[in-house]
Structures are given as C-alpha cells and as structure tokens.
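User: I have a chain open and want to go through its layout. Can we take it piece by piece?

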Amino acid sequence: MAHEITAPHYGFLIDASLCIDCRTCMVSCSVENNVSMDTTRIWIEETGVTGTFPDLKRYTVPYHCMHCVDPSCASACTVGALHRNEEGIVTYDKDICIGCRYCMYACPFEVPNYEWEATLPLVVKCDMCAARLDEGQQPACATTCPTGAIRFGLYEDMLAEAHRMINENPGKYVNHVYGEEENGGTATLYISPVPFEELGFPIAGTSSPAYSNRLVTEGTPLVAGAMLVGLSGAYLTIKHLKEEAAAERREAEHAHAGEDHE
C-alpha cells in the first residue's frame, strides 16, 4: 500500500501546567490571521473547578490543530483543499474549499472551525502561521504566550523536551505525551498535570481513520484479485476432475461394448 508517512519537521509543545488562561494566544491568532475571536484558530480547553474547598484548582490549555502525520481531514476532503505539506503542516486552501465540511466530521480532534455567520462561510484552522515560518518567525501564539506554555521548534526537539519534563518532574505531570501516538502521531504535543480527558481532550486511537479508509479503498482490489485467483484455481481443478471422470466413463463404455460383441 503506497502511502508515505513522514515525521513532522516542526512541532508544538504545550504545557497545561503553565497556562494561566490569559488568552493572549487567541488574540494574537485572531490578529495574525485576520479572523474574528468567534472563529479564531485556537481556543481554550479546561477542567472546570476541581477539588474541595479550600484546595480548589482549575486547569486550562490552548487547543488548536494537531497537524496529524496522517490527517483524516485531508483524506476526507473531496477537492484537495486540505493538504499535509513536506514539512508536516496541514494547510488549507480557501480558494479550493467548497464548504462541504467533511473535514469537520472526519477530524477525531474536532478541530476545523466554520464561519457559520459569514455569507460565504469557509473552514478555519491553524496552519502553524506558515507565512511567519517563511519569514523565519515562530507562530504568533508561541511568540506571545507570556508563560512559555506554548513552545515551538523542531519536532524531535519538542518530543524530547516533553519526555525530559515528565522524567525530571515526577508527580508533576501524568506520564503521557498526548499526540505522540494519538491518531498515528501529531505535530502538536501536550503534557499535563491532570489526565487529558479531564481537559476535554478526545480519547483517540493510535491509528488514523485515514489509514483505515485506505485499507478499504486500496485493499479491496487486492482482496478481489486474490479471490479471483482462488476461484480460477477451483474452477480449473473441478474442470480437470470432470474431464478425468468423463474419460473413465468412455473407457468403461467401450470395454462394456467389446464384451457384448464377444
């Protein structure tokens, strides 16, 4: 099955223990991408207030496109408006999009947003501030985060840093890097002091629905071919047995006719 999947070049590392819910990331995303705060490409997930008085806690974390290594949104897009480029960034082309919203249904992380109030609505999602990257700058959210909760860099460095933070701070984080394996792996990675489901993160499998889809769409011809070969073999075997039986019957009839003449 020919479908090359490569590791991301860039990656985010987002630390839920450092987020203070200031929402600077949302404002900077809105300004940078010229979208309203209602359709910004980043939003906040939270646990709500937990614990018992006076030991109450509340955790928040920025949430945006995971930039999957095998993106289901791109697989579901019927016109190729969503595409994972060679740097591992899942990009969106608004000039191609027809607004079918299949990407919204396909994304296991429920990421693509939609301009419901616009006259000609389009999908909006994070593209890692690709234009800023071209200019040697980091994404706006990572640049403006005042606490360092959002970090950006080479993917391998971000992944190594996530494991270092967990290993060197026992008890501070749950022992899981969200995104390392979810949906086949993503370029956006999270570490957190509380289980990710308490932050509202979806429990994603380790393989992408896009992979399962390819098993069906690309695997079906192979299965059909194997069945055809098998059925052809069975047909030839049955045909050969029938011919042998007919030959034996003819020989028996000739032998019987010879006995009658004698």
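Analyst: What follows goes from the whole chain to single residues. This is a predicted model, where local features need pLDDT of at least 70, side-chain atom pairs count only at pLDDT 80 or more, and totals for chains, interfaces and linings use all residues. Residues are numbered from 1 along each chain as its sequence is written, and side-chain values use heavy atoms, with hydrogens and water left out.

User: How many helices and strands are in the chain?

Analyst: The chain has 8 helices and 9 strands. These are DSSP runs numbered from the N terminus: helices are H or I with at least four residues, strands are E with at least two.

User: And what share of the residues is buried?

Analyst: Of the 262 residues, 39% are buried. Buried means under 20% relative accessible area, exposed over 50%, and partly exposed in between (1.4 Å probe, protein chains only).

User: Which residues have the most contacts inside the largest nonpolar core?

Analyst: They are F109, M128, I150, Y190, L199 and F201, in a core of 36 residues. Elements giving two or more residues to this core include strand 1 (10-15), helix 1 (24-33) and strand 8 (150-154). A nonpolar core is a set of buried Ala, Val, Leu, Ile, Met, Phe, Trp, Tyr and Cys residues joined through side-chain atoms within 4.5 Å. A second, separate core has 11 residues, among them Y155, M158, M165 and V177.

User: What does F109 touch?

Analyst: Leaving out residues up to four places away in sequence, F109 touches Y63, M66, C68, Y178, E182, N183, T186, P202 and A204. Contact means heavy atoms within 4.5 Å.

User: Back to M165. Where is it found, and is it buried or exposed?

Analyst: M165 is found in helix 6 (residues 155-168). M165 counts as buried because its relative accessible area is 14%. Beyond its neighbours within four places in sequence, M165 is in contact with D15, Y173 and I191. M165 and D15 are 150 residues apart along the chain, and their C-alpha atoms are separated by 9.6 Å.

User: New topic, helix 1. Are S30 and V31 buried or exposed there?

Analyst: S30 lies in helix 1, and S30 counts as buried because its relative accessibility is 12%. V31 lies in helix 1 too, but V31 is exposed, with a relative accessible area of 63%.

User: What does S30 touch?

Analyst: Not counting residues up to four places away in sequence, S30 touches V35, S36, M37 and T40.
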